[in-house]
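Hi everyone, thanks for making time this morning. Let me put the structure up on the screen, and then we can walk through it together.

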Number of protein chains: 2
Amino acid sequence: MKMKNGIIECSACHSKLLSPTKSVSRAYDKYRDRVSSKQRFFNTLLVVGDCILVGLQPVLVYMSKVDGKFKFSPVSVNFQTEVAKVLFAVIMLIFQARHQRVGEKPMLSISTFVHAARANALLAVPAFLYAINNYLKFTMQLYFNPATVKMLSNLKVLVIAVLLKIIMKRRFSIIQWEALALLLIGITVNQLRSVPEGASSIGLPVATVAYVFTGIFVIVPSLASVFNEYALKSQYDTSIYLQNLFLYGYGAIFNFLAILGITIFQGPSNLNIFEGHSKATMLLIFNNAAQGILSSFFFKYADTILKKYSSTVATIFTGIASAILFGHTLTVNFVLGISVVFISMHQFFSTLSKVKELPKTGKLDAIDEQDDHRSKDPFINMSGANDEGHIL
Amino acid sequence: MKMKNGIIECSACHSKLLSPTKSVSRAYDKYRDRVSSKQRFFNTLLVVGDCILVGLQPVLVYMSKVDGKFKFSPVSVNFQTEVAKVLFAVIMLIFQARHQRVGEKPMLSISTFVHAARANALLAVPAFLYAINNYLKFTMQLYFNPATVKMLSNLKVLVIAVLLKIIMKRRFSIIQWEALALLLIGITVNQLRSVPEGASSIGLPVATVAYVFTGIFVIVPSLASVFNEYALKSQYDTSIYLQNLFLYGYGAIFNFLAILGITIFQGPSNLNIFEGHSKATMLLIFNNAAQGILSSFFFKYADTILKKYSSTVATIFTGIASAILFGHTLTVNFVLGISVVFISMHQFFSTLSKVKELPKTGKLDAIDEQDDHRSKDPFINMSGANDEGHIL
């Protein structure tokens, strides 16, 4: 075991990262302590950037279609997106290395790279999960209609919160749990009009296989995001571009293996990954890559929940923009849905709903074990967390 | 001015009741201090009773129809409901008077009655507003379709809260305001399916007269409820049956005047108030009367907001019961709507969202003036109300 700046850097200790420790990374905790108006400004930048990229998406998708259809294989788009992200990470790394100060640890030395690669091996997990998710998306559309798939996707918010609680030891107040449920409901109310009129009762196929598929479809991407957040934050001192290089490197490998697999089953035409691509699809790939990179900033410097809210706000602004541009009237569902989303957002991020931070003393571990019920320990009541419901 | 038990009882001082005093009634404040599990049990009884009566309503309305139509005049139903409530109040008063202990102030003496009548003269205001509201209901249906009327009615929740803040000096936390907005949204989402498909954009007529009508339609009944609560609580020591006798006595007079007015314009056939009535309509009138009496218990011993939540819960249970009884499937709207309503209810009534009570000292008046912004007075911060947003 090699200790540096109080962080375990030895690759032999990876299993320790998954053990239930209070802190994911001391470096990240130190960073969190400096959370301030600067952090809020950074978060706003992230959300605005995300909104722009997500808003461009439907335009680029529309432009990529030829006669209303995609002429390229979706797997090839995934692969090329991963490659674009790797290229971006490499360029940023070279840029960062050139602007290093004298005396800093060289960023591009082989030893640094090998070292970081070992420390960040955990990134292979989210990369693998993301790759699986990309195929699930297409499989799901064979079993459910697109509107149902969209609605099921909303459940991810709650699953992510549960996973953050388990894996990242995040604590949410009751109001925050309710805020997440409201986010889910708000998005769903907004989507209701896209459900065909006949399917007004919940139109799910009742077969057990459908439930299993739904479970996988919701859990895999949620697990991918939370593991990604965990892996990025747990090696907080590694450059995010180096972490991205690993994450997307693994992603490119998994997607390439998939292309090879499909080639074996369906013939060599799938190897021509540029078939059916145009300038518009290149822009689409570029946009996808930028969204992926921005996500990694969310996961490392903010969190998965902020990313979820950001995507929702982006959808809302796209809705409002298209209503203004194309002269649509806003539906009752849209107005009600976004009202619920905005209330949810205020409740989730307002300081009054936050779980109160407990003072860092030896008693902390004892408190952790009482995570799920209101503690009767007088120490806790003295520490300002005595409002019912503030400790979940 | 005559003071008794610290309460101004003189009829000459009515204007004082409307002046911005911190307490509506010291007797009510004393009562509120004893708010306990007993109060919660009483509130539960009120809500359960309300649910049963509201649940019976559609059954009785269905039974009262002959060939799908009402054969009686709605005004006569209103008048007879008021008379039934007066009769119930008289019976309860006689019952109470017979069980009085020796030495207590006689309840049925003329002096007590005249005294109470003067003190409770304010009850004429809600009685008049209710009478106006009964006609507005029918007028509105000429201008808007029933679904739109139903949706506009939901706005009452917010108007009532604003009026409670102004008239009753109630303070709500931000979470509670949001909870009320969620209640409004939840009910509306649940009603969405009853809106015709073509009217997916908000189908309001844009004429100014429509806005004015809507405003009156929403404000009049809200004002009636809040004034009723104010009048009942401000004379807290008067028996609720005596207060009901006055309230419904005024109501009967206003409705009788309306019948006379209609008779003058439309001919003497309207004087036959029992025309078209059956046993079922008698039950309907009895149910209406019981709902009215229960409301007065809500207003005096709980509040208008609890009554609103109670009505909503009643509607939800009616929906679930009819789904079970008649084998309907629950719609997505219903499930989403009631989820929002239940989250709203938890947020409104949970202790963590409550505005913290400040200690009763001479500083109180100074604090009252800072009602709308977070106080920076160190005294307040010491008193436990230092969580951002807890003081609205």
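Let's begin with a question about chain A: among contacts between residues at least 6 apart in sequence, what percentage join residues at least 24 apart? For chain A the figure is 82%. Please keep in mind as we go that this is a predicted model.

Staying with chain A, we have 16 helices and two strands. The chain has 392 residues, and 49% of them count as buried. Its exposed surface comes to about 20,200 Å², with carbon and sulfur atoms supplying 66% of that area.

Now, the annotation. The unreviewed UniProt entry marks "transmembrane region" over several stretches of chain A, including residues 41-63, 75-95, 151-167 and 280-299. How much helix and how much strand does the model have over residues 151-167? That span is 94% helix and 0% strand, and its end C-alpha atoms are 25 Å apart. For residues 280-299 of chain A, the model gives 100% helix and 0% strand, with 29 Å between the end C-alpha atoms.

While we are around there, have a look at A:Asn154, which lies in helix 7, residues 146-154. Is A:Asn154 buried or exposed? Its relative accessibility is 6%, so A:Asn154 counts as buried. And what does A:Asn154 touch, leaving aside its neighbours within four places in sequence? The contacts are A:Leu184, A:Ile187, A:Thr188 and A:Gln191.

On to the charged side chains. How many salt bridges does a search of the whole structure find? Over all chains there are eight, and I'd like to show you some of them.

Here is one in chain A: the side chains of A:Glu82 and A:Lys85 form a salt bridge, 3.4 Å from N to O. Why are these two about one helical turn apart? Because A:Glu82 and A:Lys85 sit three residues apart in helix 4 of chain A, residues 74-98. As a reminder, an α-helix has 3.6 residues a turn, so residues three or four places apart point the same way. A:Glu82 is buried, at 11% relative accessibility, and A:Lys85 is buried too, at 8%.

Chain B has a salt bridge between B:Glu82 and B:Lys85, at 3.3 Å from N to O. These residues are three apart in helix 4 of chain B, residues 74-98, so about one helical turn separates them. B:Glu82 has a relative accessible area of 10% and is buried; B:Lys85 is buried at 8%.

Next, please find B:Lys307 and B:Asp50, whose side chains meet in a salt bridge at 3.1 Å, N to O. What does this pair tie together? B:Lys307 is in helix 13, residues 304-326, and B:Asp50 is in helix 3, residues 37-64, so the bridge links parts of chain B that are 257 residues apart in sequence. B:Lys307 counts as buried at 13% relative accessibility, and B:Asp50 is buried with a relative accessible area of 0%.

Last stop: helix 14 of chain B, residues 332-349. Its 18 residues reach 26 Å from first C-alpha to last, close to the 26 Å expected at 1.5 Å a residue. Why call helix 14 of chain B largely enclosed by the rest of the structure? Because 13 of its 18 residues are buried.

That's my tour, and I'm happy to go back to any part of it.

Key. Residues numbered from 1 in each chain as written. Chains lettered and ligands numbered in written order. Predicted model: local features only at pLDDT ≥ 70, side-chain atom pairs only at ≥ 80, totals over all residues. Heavy atoms only, no water. UniProt positions renumbered as here; feature names shortened; annotations may be inferred. Helix = DSSP H or I, 4+ residues; strand = E, 2+ residues; numbered from the N terminus. Salt bridge = Lys/Arg side-chain N within 4 Å of Asp/Glu carboxyl O. Buried < 20%, exposed > 50% of the residue type's maximum accessible area, 1.4 Å probe, protein only. Expected span 1.5 Å × (residues − 1). Contact = heavy atoms within 4.5 Å. Areas by Shrake-Rupley, 256 points an atom, 1.4 Å probe, with all protein chains shown as cover.
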